[in-house]
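Have a go at each task before you read its solution.

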Amino acid sequence: MLYDTLADELYTEICHIPLIDAHSHINPHRPAARSLDDILGYHYYTELAHSVGMDKGPLAPSVEPRERVRSILYHMAQFDNTVQYQWFIEICRAFLNYQGNRIGVADCTWLCDRAEKLMGQADWEEQVLRQSNLEKIFLTNDFDDPLTGFDRQRYVPCLRTDDLVFHLDKPEVRSRLAKATGSEFGDGAGLRRAIGSLFEHFTKHGAKACAISLPPEFAPFPVPDRELSKALAVLDGKDAESRTICSVGVFWMLAEYCRSFDLPFDLMIGVNRRIYENGVYQGHDLFDQRTSLIQYAKLFNAFPDVTFCISVLSSGQNQELVSHSWIFPNVITNGHWWYSNVPPYIEQDLRARLHAVPKAKQIGYYSDMYKLEFGLPKFNMYRRILAQVLADDFVRPRLYTDAQAVELARLLLRDNIRRIFDV
Amino acid sequence: MLYDTLADELYTEICHIPLIDAHSHINPHRPAARSLDDILGYHYYTELAHSVGMDKGPLAPSVEPRERVRSILYHMAQFDNTVQYQWFIEICRAFLNYQGNRIGVADCTWLCDRAEKLMGQADWEEQVLRQSNLEKIFLTNDFDDPLTGFDRQRYVPCLRTDDLVFHLDKPEVRSRLAKATGSEFGDGAGLRRAIGSLFEHFTKHGAKACAISLPPEFAPFPVPDRELSKALAVLDGKDAESRTICSVGVFWMLAEYCRSFDLPFDLMIGVNRRIYENGVYQGHDLFDQRTSLIQYAKLFNAFPDVTFCISVLSSGQNQELVSHSWIFPNVITNGHWWYSNVPPYIEQDLRARLHAVPKAKQIGYYSDMYKLEFGLPKFNMYRRILAQVLADDFVRPRLYTDAQAVELARLLLRDNIRRIFDV
Amino acid sequence: MLYDTLADELYTEICHIPLIDAHSHINPHRPAARSLDDILGYHYYTELAHSVGMDKGPLAPSVEPRERVRSILYHMAQFDNTVQYQWFIEICRAFLNYQGNRIGVADCTWLCDRAEKLMGQADWEEQVLRQSNLEKIFLTNDFDDPLTGFDRQRYVPCLRTDDLVFHLDKPEVRSRLAKATGSEFGDGAGLRRAIGSLFEHFTKHGAKACAISLPPEFAPFPVPDRELSKALAVLDGKDAESRTICSVGVFWMLAEYCRSFDLPFDLMIGVNRRIYENGVYQGHDLFDQRTSLIQYAKLFNAFPDVTFCISVLSSGQNQELVSHSWIFPNVITNGHWWYSNVPPYIEQDLRARLHAVPKAKQIGYYSDMYKLEFGLPKFNMYRRILAQVLADDFVRPRLYTDAQAVELARLLLRDNIRRIFDV
């Protein structure tokens, strides 16, 4: 889909680079889709269909999967301009050999049949990985994930910590933690021990990163264990102050463990959860542009030995990320996240990073995918934009040769990730 | 002025789509200009001339119109780089048959003579509408507008509510309201009845929208009538709290009436009024980029049946608008407003919307004009940018055929407006 | 490096315009570099090298300069994608006749030798100025600078006031002020007299501007001398309120003196100082995007006769600058500052200004340089972007002829500066 010859040549070369996907939501026990319903169950499709008027009826578990697919395909006619539609048609072309020009509800049966037949093959996962040139994929593991029963060289564990930081008031989280660590924590020191044992479990099982998503107003600072103990004692999810103290205190503790266990800490900054109350599953979250990375200055200063891989939710914050990464040795730019994972935003954010952030400090892209099939269209989208920017901003002005441009792409898509996460 | 052949071809096709202008300040009793003074009286010209040093003398009503025109044309030499200058020269070319390359003060007499002669024709309004391919134009009507004496099929009434929400402390507003509704309101319930009768009057007379402009800090929430009554009782424009309660309470009431009268609610978000104290008429207002659509989450959640057509004043907030429109079924992107109605901002805001907001949920453009002659250059500006973006982002990458691209343009410029506003 | 023929032709013409550099940190007693160490000592290189892992060891004064150069060149391989690398290679090509394609540590000796030889010539300063087409360069002078011993026609003094506004609590600043003015100030009135004598000294010695950099939260308002006196009496750098009163009060006083001495006031808005505590020299500062020019509304209104030349640190604030400059007659857009002095941000900020701010009210670019050699690559960067934008947005759409486009460039690079600063 690149009509610029130079960009297209660079793109072809860049596609030869084996990918390491630094962030996904793949379930390693069931990484690939088994039906079109698995593909269109991705929240992007359900929320866009809902946005143009589909009620939540078709999403009920009781509904026959093909009915759900039909309903989403029906509504897709109203959002066939979006990049999410492009991902979908590229999946259908690449993996289902779809030959048409525009997918509509009339294609439902053919696509579903085709998907079931192909995705039912024993080696489907391997086929998808091979065709997508995906070598390693980072996971998002709950803190109590046993991390067993899958190939941890291919699917790299990553400790996701939102529950620990933001939901420790919930009895089910506490009981999951107790179960995972073998003991109830009583106070700050106990919690510290519990979290330490999670880090041990994770690093023993090949985890290569700790990760969390954070709301726009989050501003971490160190909390003494005594204060944390006090706040934990009254934590009930209602008192705002104890809630904040616990969140911030646990977060700071995680950074300390990242330091002692030598794990990079992925911060995904800026999401407000549950804003659209009546949204579809995973379709409730938005953001507030009024946030600043300056809120993390204390953290970046306090942990010079921890590498912070930062994703920002709004493109408006990208310049802060560029500048912080330029100044702080321990701040890395990480991918194009969610609402900024749209071509015009990727393009402008990427251009700023390529001109102002040391190339060694950039992680180009991650898929954020739930099913392997999305790696190909999402990385293709990124690679096309990257190829065009390299052509226009580096090769044509004779700053880089073609080969140097491809080397830069290799850093962004592979070598930096290997070095930073030690994989 | 498009030098890209594909874009120019698309532009030509797009120009055939009859326009519905979803927001203007046209006076339906005197819609077209009658002189060049009417054209250059548009606040853009007076504020730009003032910005480069013209004092307010020439703007006094006592000044001979041609002197005023001469003064603005004289200062125009210092802002002939702006898009507003482009609108003006396009008006002179399209409507006055101006053939030159650069308009200066030397053209004053010719242009004024020409304008008077042509604009004095009995069918000038028809000529302008025909040449501009304008079919329907939404108005901005004061709440006490009788809405009679004009063609309401062509000039669609729209209830503008700034006075009710922000100026109810002013005796003249209260007395206008009393006169319009036939009774003084005493408390919250009375005000509710009064506003209800305005909605009845407006919808009976063909109104198709309710509209308001809002300051950056505005954050609506429901106010019980009792609290509203209390605040109304002490409202004097000085006490900040009662002022806020009244503004927010009346605003929420408007949303309730939009629901019961089935009217879309146009929110134009982000303007700070009277910032430059010594500015020319309508040239006092600016904005504060620190605002967020998250302030409207309560509203969007509370009124799933009301369609909110949102304009944002700063391009920086466009990503919030894109994301909110993608998630909330009742949020529509609406045009490119005022300080964002400038080609580089239109281009980047439009690109983001085209890639991320369902096409059925976008109103492409509105003129915001006071005189009909501005429809042509303003919509042309938008259509050129749209044609170029469609060429580069949709047709050339083979996502859309030419015909599909033009269909998308038709949605943005016409069909979505017809559906959303039921015209 | 421009591959577009039209843009390249415009660029060539634009390069003939003799430059006036409205802001630099040149030391007029030693304006040019004397070695490669002087070039790579620019904080951009030390901070980028540090950002990719160079510790501060090589930056110690005791280290042999060539060792320092070698260390920075060694680390440069990891940031050869940045615009700062481009400035450096362009300096090596233009001034040292470097012929290679990629500078690495292997070039260290040759480059150092070459630099010492060439930069040691008696007329090196003249050579650099001539080759760079630089006619006048504004300085950044401490308030107690004697302003003697250099050519003040070429190096235009400018009163920098950060110390007075933000560091008056420091004994050394007070004693410098006492020494410069010949008397200790006791209260607000005394401080007013002292600052008045600085303005007299500066304007007598050819100063053409007053300048300051400001943090994101700064919001000036008038402070009566009595209140200022009270705050000065307790000012110790710890009490936040007295600190704010003094900063704001002194700042307002500066604006008053700008009015009486008829000096433009350069405001560089948005820097947070000392954020990265362990940074290299001048590599500690960042910003918070949450700031607004609306904070300066009182100031702009209060001083209609003072010209405020505004730089913003974040590209996100550029639209506020564009709009304020469009509305306020006394607000001028000034250059592309620091973290926004990166091609993608310059391009988008420039495009918005060219389409929406009167051309008479724009100062295109300033170098911010510490050594003369940086004028050439930095202005070239800007001129290339300017030429491309003029080609794409003005000449190709036939809004401007080539000659008119070059005239616009002349305004931005020279004529506006001459008029605004009276040089």
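## Exercise 1: a pair of helices

Task: how do helix α3 and helix α4 of chain A cross?

Solution. Keep in mind that this is a predicted model. Start with the axes: those of helix α3 (residues 43–51) of chain A and helix α4 (residues 65–76) of chain A come within 9 Å and cross at roughly 60°. Next, classify that angle. Angles of 65 to 115 degrees would count as roughly perpendicular and those under 35 as roughly parallel, so α3(A) and α4(A) are oblique to each other. As for the hand, α3(A) passes α4(A) in a left-handed crossing.

Now look at who touches whom. On the α3(A) side you'll find A:Y45, A:T46 and A:A49, and they meet A:I72, A:H75 and A:M76 of α4(A). Sort the residues of this contact by type and you get 4 nonpolar, 2 polar and no charged.

## Exercise 2: relating two chains

## Exercise 3: an interface

Task: how much area is buried between chain C and chain A?

Solution. First the contacts: 43 residues of chain C touch 42 residues of chain A. The area buried between them is about 3400 Å², with carbon and sulfur atoms giving 57% of it. Finally, zoom in on chain C: C:Y3, C:N81 and C:Q289 lose the most area to chain A, together 18% of what that side buries.

Definitions and conventions:
Residues are numbered from 1 along each chain as its sequence is written. Chains are lettered from A and ligands numbered from 1 in the order in which they are written. This is a predicted model: local features need pLDDT of at least 70, side-chain atom pairs count only at pLDDT 80 or more; totals for chains, interfaces and linings use all residues. Side-chain values use heavy atoms; hydrogens and water are left out. Axes are lines fitted to C-alpha atoms, for helices over the stretch in contact, and angles run from 0 to 180 degrees between N-to-C directions. Helices (H or I, at least four residues) and strands (E, at least two) are DSSP runs, numbered from the N terminus. Angles under 35 degrees count as roughly parallel, over 145 as roughly antiparallel, 65 to 115 as roughly perpendicular and the rest as oblique. A crossing is left-handed if the near helix is turned anticlockwise from the far one by less than a right angle, and right-handed if clockwise. Contact means heavy atoms within 4.5 Å. Ala, Val, Leu, Ile, Met, Phe, Trp, Tyr, Cys and Pro count as nonpolar, Asp, Glu, Lys and Arg as charged, and the others, Gly among them, as polar. Buried area is the accessible area (1.4 Å probe) that two parts lose on being put together, summed over both.
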